[in-house]
Amino acid sequence: MSSNDDVKRYSALMDALADHAEGMTDEQVLADVRDAGRDVAADAEAMRQSLLSAVTRAKSARLIRAAEAHTLALERLKVPVVAIPNDPVRRRRLLDRSLARRPEVQQMMTVAYRDGKSLPEDDVESLLKQLASLGALATDDE
Amino acid sequence: MRSSFFSLGCREQRKCRHVEDGRLMPARPKSEDARTDDEIVKAIISLSTADLLKLEKVAYFRSAKLRGLGLGIDPQDLVNDAIERTLDGRRKWPRSISLMTHLCGCLRSLANHCADEFAGKHVSMTPLDAEEIPADIALRSQLPTGERIHHAREFLAEILRRFDGDDEVILVAEGLAKEMSGPEIQKDLGLTEQGFETILKRLRHGLDRKQGWRL
C-alpha cells in the first residue's frame, strides 16, 4: 500500500463519517448524543453560542476592514496618484470628460455642476481628486 | 457648493463595499439570495436542538479530516469561516434551502478546499471560494507531503489501536476508508442496515472528542 493511500483512506473515512452525520435524522442525532452520555440541551446551546459568536466575530472583522479601507481612501485623497493638469482649461476639460464617462456620477453632480464654468478653481481640483480616488478620472490625453 | 462635492464622496462611499488597491469599488448588486445579518442571526436562533447537535458532529468530522492531515484547524475555525463567508456574501445562502443545509455545504467545501491547499504547505482560512481553487493547487493536492502522510498514517494506526478487539468496527472503518458506500459494506459483511448503524455508532462514539479521542 503506497503512502498516498494512507492520506486517501484517512480522508475518505472522515468524509464518510461527516456525510453520514449530515444524513442522520433528528431522532438519531438526539439518541446518539444521549447514548454518548452527553447533556443534549447544554451541548446544543454551546453550539448555538458558537454560531452566534462567529457572527459577532465576522461583523467585527468587517468593521475593522471598513475602517482600514476608509483610512486608506483618505490617504489616497491626500496623495493623488493621477496627475492633474496645471492648466485650468485642461483641468476643466478633464472634468468634463470624466463626468461624461460616469453618467451616474454626473447625475449626482447635477446640482453642484449645473454651471460648471462658474466653479472655483479650487473646487475643480478637489473634485478631480475625488474622482481620481473613485477610479472615475479620465486620462488627461484622451 | 463645496458641500455638494464632499457629499459626492460620502454618497459614493456609502454605495461602496470595499477598497481594492486604494480604489473604492462599487457594491455588488444585491441578488435575491442576499441575506441580511439579522436574517442569519434569526435563523441561528431558530435552529432546533437536533440541528445544532448535527452541525456540531459535521463540523467535528470535517475538521478532524484536516487535523489528521496535520492542520491545526478545529471545528470552531470552520464554523467561523462558513459564517463569515455567508455574511459577506462570498457564500450565497439561497432562499430555497435551510441554514442547516447551507452551513453543511459550506463546511464540506471549506474542508475539501483546505485539504487540497495543504499540498502547498500553506493554508489560509480566508482563501478563495472552494469553487475557485486554482488548477495548479488541485494538481498539487495529488502529491501529498511527507508530513501529511505521516499524520494520516499515525491517525489510521491510532483508530485501529482504539478499536482493537472490535473487528466489526475495524471492518466498517476500512470499508469507509476504501470509499465503499453503506449498502456495499452491509452486503460485504452480511450486515442488516440496523446492524451497520449500530457499528457506525460505536465508531462515532469511539472517535468523539469527549470520549477521549485526541482529535
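In chain B, residues 24 or more positions apart make up 53% of the contacts with a separation of 6 or more. Two residues are in contact if their C-beta atoms, placed from the backbone, lie within 7 Å. This is a predicted model, in which local features need pLDDT of at least 70, side-chain atom pairs count only at pLDDT 80 or more, and totals for chains, interfaces and linings use all residues. Residues are numbered from 1 along each chain as its sequence is written, while chains are lettered from A and ligands numbered from 1 in the order in which they are written.

**Chain B overall**

- Chain B holds 10 helices and 2 strands. Helices (H or I, at least four residues) and strands (E, at least two) are DSSP runs, numbered from the N terminus.
- Along the sequence the pattern is α-β-β-α-α-α-α-α-α-α-α-α.
- Chain B has 215 residues, and 34% of them count as buried. Buried means 20 or more other C-beta atoms within 10 Å of a residue's own, exposed means 12 or fewer, and partly exposed lies in between.

**A residue with positive phi**

- B:Glu179 is not a glycine, yet has a positive phi of about 65°.
- B:Glu179 sits in the loop between helix H8 (167-177) and helix H9 (182-189) of chain B.
- B:Glu179 is partly exposed, because 14 other C-beta atoms lie within 10 Å.

**Where the chains meet**

- Chain A gives 56 residues to the contact, and chain B gives 61 residues.
- On the side of chain A that touches chain B, the elements giving two or more residues are helix H1 (3-22), helix H2 (26-35), H3, helix H5 (103-109) and helix H6 (121-133) of chain A.
- H3(A) gives the most to that side, with 20 residues.
- By class, that side of chain A has 33 nonpolar, 9 polar and 14 charged residues. Ala, Val, Leu, Ile, Met, Phe, Trp, Tyr, Cys and Pro count as nonpolar, Asp, Glu, Lys and Arg as charged, and the others, Gly among them, as polar.

- The axes of helix H3 (residues 40-78) of chain A and helix H2 (residues 37-46) of chain B come within 10 Å and cross at roughly 165°. H3(A) is therefore roughly antiparallel to H2(B), a term for angles over 145 degrees.
- A:Arg48, A:Leu51, A:Leu52, A:Val55 and A:Lys59 in H3(A) meet B:Asp37, B:Ile40, B:Val41 and B:Ile44 in H2(B).
- This contact of H3(A) with H2(B) has 6 nonpolar, no polar and 3 charged residues.

Notes:
Axes fitted to C-alpha atoms, helices over the stretch in contact; angles between N-to-C directions. Parallel < 35°, antiparallel > 145°, perpendicular 65-115°, else oblique.
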